[in-house]
Amino acid sequence: MQYLLLIYIAESEERMGDPAEHAAYGAFTQDIVQKGQFKAGDALQPVATATTVRVRDGKTLTTDGPFAETREQLGGYYLIEAKDLDEATGIAARIPGAKRGSIEVRPVRVLS
Amino acid sequence: MTDTEIEAAFRREAGSALATLIRLLGDFDLAEDSLQDAFAGALKAWRRSGPPDHPRAWLIRAARNRAVDQLRRRVRLNAKTPMLTIDAALALPEITDDDDDIAGDDTLRLIFTCCHPALAMEARVALTLRTVCGLATPSIARAFLVSEETMAQRLVRAKAKIKAARVPYRVPPPELLEERLEGVLAVIYLVFTEDYAGIDGGDRGLADEAIRLARLVGGLMPGQAGVEGLLALMLLQDARRPARTDADGGIVRLEDQDRSLWDRGKIAEGVRLVETALARPGRPNSYAIQAAIAALHGQAARFEATDWPQIAGLYEVLLRVHPSAVIELNHAVAVSMVDGPTRALNLIDSLNARGGLTGYHLLHAARAEMLRRLERNDEAAEAFRRALSLAPTEAERRFLRGRLAGLGAAPLVPNPNQI
């Protein structure tokens with residue numbers, strides 16, 4: 001079963017440039033790759049670069065910024081393979097950003 | 001066999017039969033529906049020829065057959081249903097005897113799944129009462145003062161999340177056990193306190209259900225100080241229930257209670273359990289410490305004979321293990337019985353200044369009692385009025401109005417029943 005781990009973190013606290021944080025992410029990613037749990041994962045550019053698109057009555061509305069202003073912003077994600085929610089939350093808890101931000105764990109819907 | 005006897009036998013076995021069926025079928029709804037069908041079958045078959053030797057095995061087998069029929073029908077209607085599910089159900093091992101170990105393991109799996117931290121607290125409570133205790137949805141709705149529809153929705157959502165997010169159906173592994181067991185105990189205690197606090201028409205049965213659940217978990221997981229401590233705490237609190245309200249449903253204070261009404265059997269069992277729990281190695285468990293405090297009250301022949309220095313000391317231990325503002329308040333009240341109201345008032349005022357309990361009626365009620373004992377009646381009346389405006393139940397408001405009247409002051413807050 002696949003889960004999407006969404007990493008929400010206050011951008012003011014973002015420390016991706018920090019070498020220690022960078023190394024921690026590297027080690028974590030390598031570990032889940034080796035265990036066969038890693039499917040995909042990326043860090044995102046800051047929310048200031050976000051553009052939101054909506055289509056209403058056939059018209060495309062493009063606006064600057066994220067879809068909602070929140071205290072913590074989506075900063076990156078992992079797509080993982082886990083056997084159940086306990087395993088998924090266990091992996092989520094090891095993401096370096098979990099210590100300062102929040103990780104939302106979402107099961108990926110299986111279309112039958 | 002009469003229908004009443006069959007129903008009683010069914011209720012005895014239904015919880016653990018359901019627990020096994022959920023494991024076998026991997027689906028809460030399918031398990032519940034087919035068990036209900038099996039019960040209908042039991043009514044017919046058992047009425048005729050009496051109960052089978054192993055009612056649980058009978059029910060599981062009958063329900064499994066219904067589930068297989070149900071799955072076959074779904075396949076006919078919708079070719080997309082994975083054949084695997086049916087194969088798995090068909091390949092169920094024959095349940096030939098009453099295996100208590102398997103039944104116990106499955107019951108624990110069910111309890112831990114219903115109390116999983118991925119579910120909201122209110123959903124955990126509802127699901128536990130519905131599936132483990134077998135209470136009907138309308139009864140649970142009544143106990144929690146929500147509509148039947150709301151409660152049904154809550155149950156549907158919880159089951160849907162278990163399925164969609166794949167909450168594992170298992171007893172947690174050792175590294176998660178302590179934390180998850182704490183979660184189970186929190187659910188049980190919430191079921192208990194819902195009854196304890198709900199003097200305004202609360203469902204009496206919930207306290208009994210909570211005690212039954214704690215006994216069940218204790219029997220399946222022996223040697224856990226937390227379970228023993230919680231069971232002791234609930235028994236000791238429940239023992240005082242008959243004395244806690246007067247004929248009109250009014251609150252009777254601990255010091256005014258007729259102690260001959262206390263249930264001595266529950267107190268004795270509670271005291272035994274506290275001693276066992278506190279003797280276990282490791283950090284003392286917070287439920288066990290609270291139970292030890294309740295045990296000291298339970299063992300005091302008269303209010304004046306209460307061992308307040310030890311109770312104050314236990315609250316200090318409790319504050320180290322489990323810091324909380326409500327415990328600080330209780331500690332202050334115990335201190336007033338040892339060192340007098342001045343010191344206790346200082347503790348309550350500093351607690352009040354920190355702001356966490358400003359909206360808690362019992363803080364203001366305790367403050368009022370200290371001021372009354374210091375004969376500062378105007379300030380006491382003021383504090384009682386504040387408590388009155390915050391009290392959540394009519395029984396508590398009635399009690400506080402009585403205290404206020406005892407000071408010779410009239411309540412400024414109108415009685416909502418007179419409006």
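Let me start with a term: I'll call a residue buried if 20 or more other C-beta atoms lie within 10 Å of its own. Keep that in mind for strand E3 of chain A, residues 51-56, where the count of buried residues among the six is zero. So that you know what we're looking at, this is a predicted model.

Let's stay with that strand for a moment. E3(A) pairs with strand E4 of chain A, residues 59-64, in the antiparallel sense, and six bridges hold the pairing. Together E3(A) and E4(A) make a hairpin, with two residues between them. One of the turn residues, Asp57(A), has a positive phi of about 50°. If you'd like a landmark on screen, find Arg56(A), which stands opposite Lys59(A) in E4(A).

Of the 419 residues in chain B, 40% are buried. And if you take the contacts in chain B between residues at least 6 apart in sequence, 59% of them join residues at least 24 apart.

Let me pick out one helix, H13 of chain B, residues 264-279. H13(B) has 16 residues and reaches 23 Å from its first C-alpha to its last, close to the expected 22 Å. Which of its residues are buried? They are Lys266(B), Ile267(B), Gly270(B), Val271(B), Leu273(B), Val274(B) and Ala277(B), so please note the lysine in that list. What do they pack against? The partners are helix H11 (225-239) and helix H14 (286-299), both in chain B.

Next, a helix pair. The axes of H19 (residues 377-390) and H20 (residues 394-406) of chain B come within 9 Å and cross at roughly 170°. Angles over 145 degrees count as roughly antiparallel, and therefore that is how H19(B) and H20(B) are described. On the H19(B) side, the contact is made by Ala381(B), Phe384(B), Arg385(B), Ala387(B) and Leu388(B). H20(B) brings Arg397(B), Leu400(B), Arg401(B), Arg403(B) and Leu404(B). By class, that contact has six nonpolar, no polar and four charged residues.

Finally, the place where the two chains meet. Chain B gives eight residues to the contact and chain A gives six. On the chain B side, there are six nonpolar, no polar and two charged residues.

How values were computed:
Residues numbered from 1 in each chain as written. Chains lettered and ligands numbered in written order. Predicted model: local features only at pLDDT ≥ 70, side-chain atom pairs only at ≥ 80, totals over all residues. Helix = DSSP H or I, 4+ residues; strand = E, 2+ residues; numbered from the N terminus. Expected span 1.5 Å × (residues − 1). Buried ≥ 20, exposed ≤ 12 C-beta atoms within 10 Å, placed from the backbone. Contact = placed C-beta atoms within 7 Å. Axes fitted to C-alpha atoms, helices over the stretch in contact; angles between N-to-C directions. Parallel < 35°, antiparallel > 145°, perpendicular 65-115°, else oblique. Nonpolar A, V, L, I, M, F, W, Y, C, P; charged D, E, K, R; others polar. Pairing = 2+ DSSP bridges.
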